[in-house]
Amino acid sequence: MEIPCTINDPIQFLFWSLDEIYPVAVGLIWGIWFDHLLFGILLGIMAIRLYRRFRDRHPDGHLSHRMYWLGFCFSRSKTLPNPYIRTFYPCRK
């Protein structure tokens, strides 16, 4: 794994990119919540492996593009419009 050298590279935490940290964090929280810490961490590591396979077979941004069109987006986002709105009207200034 390489250390990012430009501003557009993903954020890194130790050896993982930020999008790979989320499954481990969710597994860790789940493991603490249900008193199965080791199982939660192992589940998160398995999720990272599956995610890496998916990410390496598809172009950059494919998962966020798919999530966007499925309707999983922030409702008050200023950079991403609601995917279910098909007609945009000019804003008044």
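Entry 1, a first question. Is Trp30 buried, partly exposed or exposed? I looked it up, and Trp30 counts as partly exposed at 30% relative accessibility. My cut-offs are under 20% relative accessible area for buried, over 50% for exposed and partly exposed in between, with a 1.4 Å probe and protein chains only. I also noted that Trp30 lies in helix H1.

I am reading a predicted model, where local features need pLDDT of at least 70 and side-chain atom pairs count only at pLDDT 80 or more, while totals for chains, interfaces and linings use all residues. Residues are numbered from 1 along each chain as its sequence is written, and side-chain values use heavy atoms, with hydrogens and water left out.

Entry 3, the fold. I found 3 helices and 2 strands in the protein chain, and along the sequence they follow the pattern β-β-α-α-α. These are DSSP runs numbered from the N terminus: helices are H or I with at least four residues, strands are E with at least two. I then checked burial, and 13% of the 93 residues count as buried. The accessible surface comes to about 8800 Å², of which carbon and sulfur atoms hold 66%; such areas come from the Shrake-Rupley method with a 1.4 Å probe, and for residues only the protein chains shown count as cover. Among contacts with a separation of 6 or more, 24% join residues 24 or more positions apart, a contact being heavy atoms within 4.5 Å.

I looked in UniProt, where an unreviewed entry lists residues 21–48 as "transmembrane region". Its positions are given in the numbering used here, feature names are shortened, and annotations may be inferred rather than shown by experiment. In the model, the span 21–48 is 89% helix and 0% strand, and its end C-alpha atoms lie 8 Å apart.

I counted 3 aromatic pairs in the structure. Trp30 and Phe34 make a tilted pair, with 5.4 Å centre to centre and 55 degrees between the planes. For the terms, rings of Phe, Tyr and Trp (its six-membered ring) pair if their centres lie within 6.5 Å, and planes under 30 degrees apart are stacked, over 60 edge-to-face and the rest tilted. Phe34 is partly exposed, at a relative accessible area of 43%. Trp33 and Phe34 also pair, this time stacked, at 5.8 Å centre to centre and 10 degrees between the planes. Trp33 is exposed, with a relative accessible area of 66%. Ring pairs link Trp30, Trp33, Phe34 and Phe39 into a cluster.

Which residues form the nonpolar patch on the surface? I listed Ile29, Trp30, Trp33, Phe34, Phe39 and Leu43, with about 680 Å² of accessible area together. Patch residues have over 30% relative accessible area and no salt bridge; like charges are joined within 9 Å, nonpolar side chains (Val, Leu, Ile, Met, Phe, Trp, Tyr) within 5 Å. Helix H1 (18–33) and helix H2 (37–57) are the elements that give two or more residues to the patch. H1 gives the most, with 3 residues.

How many salt bridges does the structure hold? I found 3, using a side-chain nitrogen of Lys or Arg within 4 Å of a carboxyl oxygen of Asp or Glu as the criterion. The side chains of Arg52 and Glu20 meet at 2.9 Å, N to O. Arg52 lies in helix H2 and Glu20 in helix H1, so this pair ties together parts that are 32 residues apart in sequence. I noted Glu20 as buried at 0% relative accessibility, whereas Arg52 is partly exposed at 27%.

Glu20 also meets Arg55 in a salt bridge of 2.9 Å, N to O. That pair links distant parts of the chain, with Glu20 in helix H1 and Arg55 in helix H2, 35 residues apart. Arg55 counts as partly exposed, at 28% relative accessibility. Arg55 and Asp56 form a salt bridge at 3.9 Å, N to O, and Asp56 is exposed at 60% relative accessibility.
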